[in-house]
Every structure is written in structure tokens, then in C-alpha cells.
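Please prepare a briefing on the structure shown below, grouped by topic and written for a reader who works with computed models.

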Amino acid sequence: MNLEIPDGLGDLLRDFTVAVLKERPGDLYDFAVDYFTKTRDARKPKDVPMYIIVEDDDEAGEPDKAAFRPKSTSGRYARRQSVSAERYNPEEDDDDDDKIVYPKTDEQRERLTKTVSGILLFRSLEPEQTSEVIDAMFEKKVQPGETVITQGDDGDNFYVIDNGVYDVLVDVKGEEKKVHQFDNRGSFGELALMYNMPRSATVRSASDGTLWAMDRNSFRRIVLKSAFKKRKKYEDLLESVTILQNLDRYERMTLADALVPRVYQDGEPIIRQGDDADGVYFVEDGHIRITMSSSDGSEQDIGMRTNSTYFGELALIENKPRTANVYAVGRVKVAFLDRDCFERLLGPCVEIMKRNSQLYTMFVSN
């Protein structure tokens with residue numbers, strides 16, 4: 001009887017054996033079920049849609065699919081509902097050379113940089129990507145009553161408001177209903193580009209104004225592709241953090257989308273003892289130094305940490321001010337998770353964090 005060993009069996013058993021020796025599980029059978037289930041799930045195609053998590057009412061959000069049902073052609077404002085644009089896959093987009101640069105004065109760049117920095121959609125971009133966003137935008141002047149985008153049309157541009165007042169109108173049974181108004185700030189037009197759907201509303205200028213526009217291809221290449229790369233990078237970072245191994249794949253992916261990059265230079269304080277807790281930090285690259293301040297103003301070194309560690313959770317868990325100082329040693333890059341996202345996304349890990357924080361408190365007290 002000839003037995004044929006399936007391809008990959010040797011590697012699979014070897015990895016499993018290493019995991020057993022490393023973890024030393026109490027129940028080998030339960031551990032095996034859990035191990036092979038996770039291994040199988042990790043090999044499945046990633047079919048989670050590429051969305052960007054934002055939470056500002058004036059900006060992007062999950063589109064209401066009911067709003068895109070075909071309308072009767074008898075209505076005055078009925079429009080076609082097809083979308084001619086192809087579906088964008090950031091994994092298949094290897095062309096970073098097709099960049100468009102629109103010249104701007106120093107004053108325009110400075111003003112646009114300030115405007116873009118306040119838009120939640122762009123807050124997770126690296127500085128060089130923000131510069132690309134500004135390069136790719138072109139100026140558009142509008143007159144009162146001018147329609148910028150029309151409900152039902154295919155998405156062509158994304159718009160950032162420089163100045164002016166703009167009404168957002170939705171077709172309800174053949175009549176336009178105003179549902180929102182932008183007053184000299186905000187952005188619109190991203191949903192049709194992000195989700196490959198028709199425009200969900202009409203935007204019409206109520207005054208003279210100036211917009212900065214970015215075409216579909218530039219928007220997808222910079223915003224969607226960078227968000228995809230950010231997610232992949234932070235998923236890898238989170239997988240290396242021991243306590244986060246309790247999270248399932250979707251939870252880890254959602255957490256990765258919520259992280260915001262921050263960079264600190266040598267000696268710069270990241271958090272200070274006594275400050276209110278604003279979030280938790282994951283060290284992406286570099287080293288940090290932890291100290292505690294004494295009543296006489298001196299600081300005692302507590303320790304050093306490096307990549308794949310986290311800090312700042314103690315004040316969040318106990319709802320108390322910061323209990324230590326954290327400084328950058330050299331250039332340090334961290335991924336920051338604010339308080340609200342911490343409470344919403346890290347529920348499965350809080351108990352482990354509490355146990356770790358108790359050990360930390362015992363260590364400091366000794």
C-alpha cells in the first residue's frame with residue numbers, strides 16, 4: 001500500500017508542534033481545534049470591503065443603499081442609476097507614477113494644508129501623502145445657484161470647501177429637499193468614489209465660493225490605496241502585540257482602521273504624568289523611556305520599551321490621570337487610539353490589560 005504525503009503536511013505539523021511547545025496548553029485537544037481553526041481562517045481570501053472609518057456628520061459615512069433604488073422615469077429629477085466606473089482594488093494598483101500636480105502659490109498651499117488637516121478623511125495620511133493630496137487638487141470657482149454635483153450622476157471629483165455656502169439637496173418624490181448646508185467649511189463627494197455608487201445627493205452653491213477638487217483616480221490612488229496600506233501595516237503591528245491575539249480578524253482589522261500615526265523626536269514627551277488620558281499608544285518603531293516624577297521635581301527611570309509594545313492604557317482603565325511620563329528616545333513612531341475607540345474596540349482585551357496593569361503597579365511600588 002503506497003501512501004502519498006499531501007503537500008504542506010510537514011510544514012503544518014511542524015508549525016503546530018512549535019506552537020504547542022511554545023504555548024504549553026493545558027488541554028492539547030482544545031488547543032489543536034483552536035490552532036487549526038485560526039490557521040484555516042487565515043488562509044481564506046480577504047473579502048472584507050475596503051471602507052474608511054469616519055465619524056463626522058459633515059464627512060464620509062456608510063451610504064444608505066435604499067437611497068440608490070431606481071427611480072421612476074416619470075419624476076422630474078429622475079436620473080440614471082448606472083455606474084460606469086470600474087471597481088477599485090488597491091492590491092492590484094501598482095502604478096504610483098500617474099501623479100497629477102496643479103501649481104499653487106505658497107499662500108494657497110498654506111491655506112489648503114490647514115483646511116485639509118481638519119478633514120477626518122485625511123487625518124490618517126502620512127505627511128508626504130497629505131502633500132500629494134494638495135498637489136492633486138485644482139481650484140474651482142462657483143457662482144450662486146451653480147450645481148456642483150447632481151444626485152444620481154457618476155462620481156467624478158471629490159471637493160473640499162475653501163469658502164462659500166453650499167446646500168445639500170435630496171430628491172424626495174420628485175421634489176428637492178434640503179437636508180444639510182455647508183457654511184465655509186467641510187467636504188463632500190467622497191461616497192460615490194469610495195463605494196463606486198451614484199451621487200447620493202445634489203450639492204448646489206448658495207453663494208459665490210471656491211472649491212478645491214480632486215479627480216476620481218487621484219482620490220483612489222492617494223486616499224483609498226494609502227488607507228489599504230495603513231490597514232495592512234497596522235494589522236501586522238497588532239498581530240505582534242500579545243494581548244491583542246484574543247481579537248478575531250475583523251476586530252483587529254477594525255482596530256487597525258482606527259489607529260492614527262504620530263511621530264515624536266528625541267527627548268520629546270509623548271505623555272506627561274498628571275495629564276488626563278486621551279488614548280492608548282502602540283509603539284510602531286523606536287524606543288521609549290518611562291519615568292515617574294517625585295514630589296521634589298526629580299524623575300525616576302522606570303524602564304524602556306520598544307516595538308510591538310503599548311502604553312497609556314492604565315489611566316484609561318482606571319479612569320485616572322497619567323501615572324508616568326513617557327519620552328521618545330531617538331525618533332519614535334507610534335499608532336494612537338483615542339479614548340472612545342479604545343472603549344468601543346478593545347473590550348475583549350480590557351481584562352488582560354487590567355491584570356497587566358496590576359503587575360505594573362506592583363512593580364512600581366516595589
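**Strand pairing and overall picture**

Strand 11 and strand 12 (residues 299–305) run antiparallel to one another and are joined over six bridges. The model is a predicted one, and its secondary structure amounts to ten helices and 14 strands. Of the 366 residues in the protein, 42% are buried, and among contacts with a separation of 6 or more, 77% are between residues 24 or more positions apart. The protein exposes about 21,000 Å², of which carbon and sulfur atoms supply 48%.

- Strand 11 and strand 12 make up a hairpin with five residues between them, and Gly-297, which lies in the turn, has a positive phi of about 95°.
- Arg-289 belongs to strand 11, and its bridge partner in strand 12 is Met-304.
- Arg-289 and Ile-302 are 13 residues apart in sequence, while their C-alpha atoms are 7.7 Å apart in space.
- When neighbours within four places in sequence are left aside, the residues in contact with Arg-289 are Asp-301, Gly-303, Met-304, Asn-325, Val-326, Tyr-327 and Val-329.
- Arg-289 has a relative accessible area of 30%, and because this value falls between the 20% and 50% cut-offs, the residue counts as partly exposed.

**Nonpolar cores**

- The largest nonpolar core contains 24 residues, and those with the most contacts inside it are Leu-244, Leu-255, Phe-282, Leu-337 and Leu-346.
- Two or more residues of this core come from each of helix 6 (216–239), helix 7 (249–258), strand 11 (279–293), helix 8 (313–318), strand 14 (325–338) and helix 9 (339–345).
- Another core, of 21 residues, lies apart from the largest one and includes Leu-112, Ile-134, Ala-136 and Trp-212.

**Helix 4 and its packing**

- In helix 4 (residues 127–136), the buried residues are Gln-129, Thr-130, Val-133, Ile-134, Asp-135 and Ala-136.
- These buried residues of helix 4 pack against helix 3 (106–117), strand 1, strand 8 (209–215) and helix 6.

- An open sheet is formed by four strands in the order 1-8-3-6, with antiparallel pairing.
- Strand 1 (138–142) and strand 6 (187–188) are the edge strands of this sheet, each of them pairing on one side only.
- Strand 3 (residues 157–163) pairs with strand 6 in the antiparallel sense over two bridges, and Tyr-159 has Phe-188 as its bridge partner in strand 6.

**Aromatic rings**

- The structure holds ten aromatic pairs, and one of them is the stacked pair of Tyr-281 and Phe-311, with 5.0 Å from centre to centre and 5° between the planes.
- This pair links distant parts of the chain, since Tyr-281 is in strand 11 and Phe-311 is in strand 13 (residues 310–311), 30 residues apart.
- Tyr-281 and Phe-311 are both buried.
- Arg-262 lies over the face of Phe-336, at 3.8 Å from the ring centre.

Technical notes: Residues numbered from 1 in each chain as written. Predicted model: local features only at pLDDT ≥ 70, side-chain atom pairs only at ≥ 80, totals over all residues. Heavy atoms only, no water. Core = buried A, V, L, I, M, F, W, Y, C linked by side-chain atoms within 4.5 Å. Buried < 20%, exposed > 50% of the residue type's maximum accessible area, 1.4 Å probe, protein only. Phe/Tyr/Trp six-rings, centres within 6.5 Å; stacked < 30°, edge-to-face > 60°. Lys NZ or Arg CZ within 6 Å of the ring centre and 35° of its normal. Contact = heavy atoms within 4.5 Å. Areas by Shrake-Rupley, 256 points an atom, 1.4 Å probe, with all protein chains shown as cover. Pairing = 2+ DSSP bridges.
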